[in-house]
Amino acid sequence: MKRIIFVRHGKSSWDSPVEDRQRPLSSRGYKDAEHVISAFKSHKDFPVEVFTSDAKRALTTAELFKKELNITDNHFHIKPELYTFNANDVLEFISKISDEFETIMLFGHNPAYTELVNTLGNIPIQNLPTTGLVSILFEIDSWKQVQSGQTNLYLFPKHLR
């Protein structure tokens, strides 16, 4: 059994003229992360390996989860290749993850994440919102086998405020 937890980065700020990769979280991004993390804590009773895009908004979101969920540095990986908006790129990344990990948590970007939670999960989601979290379970032994699974949890900030 394998589990992927997709988390779209928090709401970003457009206040300063910076490159897309450098956009920071907005104040709402921080508040939404607090709500989702708080709700997720009651569901997390398993070890998790975290992989995040290196974009500032995704990395900051992942670091907030890391701190509140007590994830150690050796289980937290910054991966520039996750700075992508393409679902196939993310699937390629997943297929190369070591099978020793049962649960992975990916922090990244739309439209890739909305496409993936709809392609891989069994609950249609029109749009994975910023700081939205979706967990999908797969009855597989290897990350190379990821195709379709069961959506077992989704947490969206607007439902938690």
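Tyr 113 is buried, at 0% relative accessible area. The model is predicted. Phe 6 is likewise buried, with a relative accessibility of 0%. The cut-off explains both labels: a residue counts as buried under 20% relative accessible area.

**Aromatic pairs.** The count of aromatic pairs is six. One of them joins Phe 6 and Tyr 113 in an edge-to-face arrangement. Phe 6 belongs to strand E1 and Tyr 113 to helix H4, so this pair ties together parts 107 residues apart in sequence. Phe 65 and Phe 107 also pair; their planes stand at 65 degrees, so this pair is edge-to-face. Here the partners come from helix H2 (residues 56–68) and strand E4, so the pair links parts 42 residues apart in sequence. Both Phe 65 and Phe 107 are buried.

| Pair | Centre to centre | Angle between planes |
|---|---|---|
| Phe 6 – Tyr 113 | 5.3 Å | 75 degrees |
| Phe 65 – Phe 107 | 5.2 Å | 65 degrees |

Phe 51, Phe 93 and Phe 101 make up one aromatic cluster.

**The sheet.** Six strands build an open sheet with mixed pairing. Their order is E3-E2-E4-E1-E5-E6. Which strands stand at the edges? They are E3 (76–78) and E6 (150–155). Each has a single partner strand, so one side of each lacks a neighbour in the sheet. Neighbouring strands are turned by 20 degrees against each other on average, direction ignored.

Strand E2 (residues 49–52) runs parallel to strand E4 (residues 103–108). Four bridges join the two. Phe 51 stands opposite Leu 106 in E4.

Helix H4 (residues 112–120) lies across E1, E4 and E5. H4 runs at about 150 degrees to E1. The Phe 6 and Tyr 113 pair joins these two elements, E1 and H4.

**Charges over rings.** Which ring lies under the charged end of Arg 23? That of Trp 14, with the charged end 3.8 Å from the ring centre. The charged end of Lys 66 sits over the ring of Phe 76, at 5.1 Å from its centre.

Methods. Residues numbered from 1 in each chain as written. Predicted model: local features only at pLDDT ≥ 70, side-chain atom pairs only at ≥ 80, totals over all residues. Heavy atoms only, no water. Pairing = 2+ DSSP bridges. Axes fitted to C-alpha atoms, helices over the stretch in contact; angles between N-to-C directions. Contact = heavy atoms within 4.5 Å. Phe/Tyr/Trp six-rings, centres within 6.5 Å; stacked < 30°, edge-to-face > 60°. Buried < 20%, exposed > 50% of the residue type's maximum accessible area, 1.4 Å probe, protein only. Lys NZ or Arg CZ within 6 Å of the ring centre and 35° of its normal.
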